[in-house]
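Here is a short tour to read alongside your structure. Keep the viewer open and follow along.

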Amino acid sequence: MRQELLSLPKGLAEEVSRNLVMVARLIDEDPEQAYAYARIALRLASRVAAVREAAGFAAYATQKYSEALAEFRASKRMTGSVELWPVMADCERGLGRPERALAMAGEPEVQKLDKAGQVEMRLVAAGARRDMGELDAAIVTLQSPELASNSVQPWTARLRYAYADALLAAGREDEAREWFAKTLEADKDGATDASDRLAEIDGVEFVDAAAVEEEEADLADDLADADDEDEDEAEVAAAERAADQAEYYDEDDEEYEPLDEADVDVTDEIVVVEDDERDKA
């Protein structure tokens, strides 16, 4: 890539390079944003094969398969390399043309691929077979020396996983479990969800700790809200009792005579009349 960018003016090369770096950085976590950067790079340097390739992968990541295929073809024309052949075939699958992907799997270009590329092409062909409802043929397509090998290569986990998944789809659960386990052995980076698939087959359910904590927090909030409501109700009840006491006299009663503040002398002495004195009166 660096050599290709050297053909551009220095300032332009730096700008294109920055955009390509952002494509590589974002393509997995934010493919739409990566696609936006790829379009900028493409607008600046459409005659650079590396730019066309990056634009193709960004479009592929956002499922714009027609656009991706066009960019991959352009890159292949510029470089003469067949390295992108498997992903081009997968674009055909994405466009709903699995028969074209299968045809590409039988082209001479496949023989020019390195081992990783040939395994990738086998995965695409098996996927095309499944697209066409040919499960048994997909299983046979994946059976290969690379699958049988005990050697762990960068493609081993994906190949074993695809084989296990096809077996499970065909109802061969015991065999599928065996190959999901083998996938797990090769998948040191956790690139597949083989452990989850194994647990699903075995009927094991995992508890999401984060979800449990969230439920507990929600329950605590509900209890706190309930306590607040109880306190509010208690305050209302107390206020109502105080109001009832303040309205001890009934204004509708003929004998009720409200007192003015001026008639009340807080210094008046309270006289206690004994029972004997009351009798004499």
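Predicted model: local features only at pLDDT ≥ 70, side-chain atom pairs only at ≥ 80, totals over all residues.

Gln63 counts as exposed because its relative accessibility is 59% (exposed means over 50% relative accessible area, buried under 20%, and partly exposed in between, with a 1.4 Å probe and protein chains only). Gln63 sits in the loop between helix H4 (49-61) and helix H5 (65-79); helices are DSSP runs of H or I with at least four residues, numbered from the N terminus.

Residues are numbered from 1 along each chain as its sequence is written, and side-chain values use heavy atoms, leaving out hydrogens and water.

Now for H4 and its partner H2 (residues 10-26): their axes, lines fitted to C-alpha atoms over the stretch in contact, come within 11 Å and cross at roughly 30°. That makes H2 roughly parallel to H4, a term for angles under 35 degrees. Contact here means heavy atoms within 4.5 Å, and these residues make it:

| Helix | Contact residues |
|---|---|
| H2 | Val16, Leu20, Val23 |
| H4 | Val51, Ala54, Ala58 |

Lastly, look at helix H7 (residues 98-105), where Pro98, Ala101, Leu102 and Met104 are buried. Down the axis of H7, the buried residues fall within an arc of 160°, so they line one face of the helix; the arc is taken from the directions from the helix axis to the C-beta atoms. Their cover includes helix H6 (85-94) and helix H8 (115-131).

Note on methods. Helix = DSSP H or I, 4+ residues; strand = E, 2+ residues; numbered from the N terminus. Axes fitted to C-alpha atoms, helices over the stretch in contact; angles between N-to-C directions. Parallel < 35°, antiparallel > 145°, perpendicular 65-115°, else oblique.
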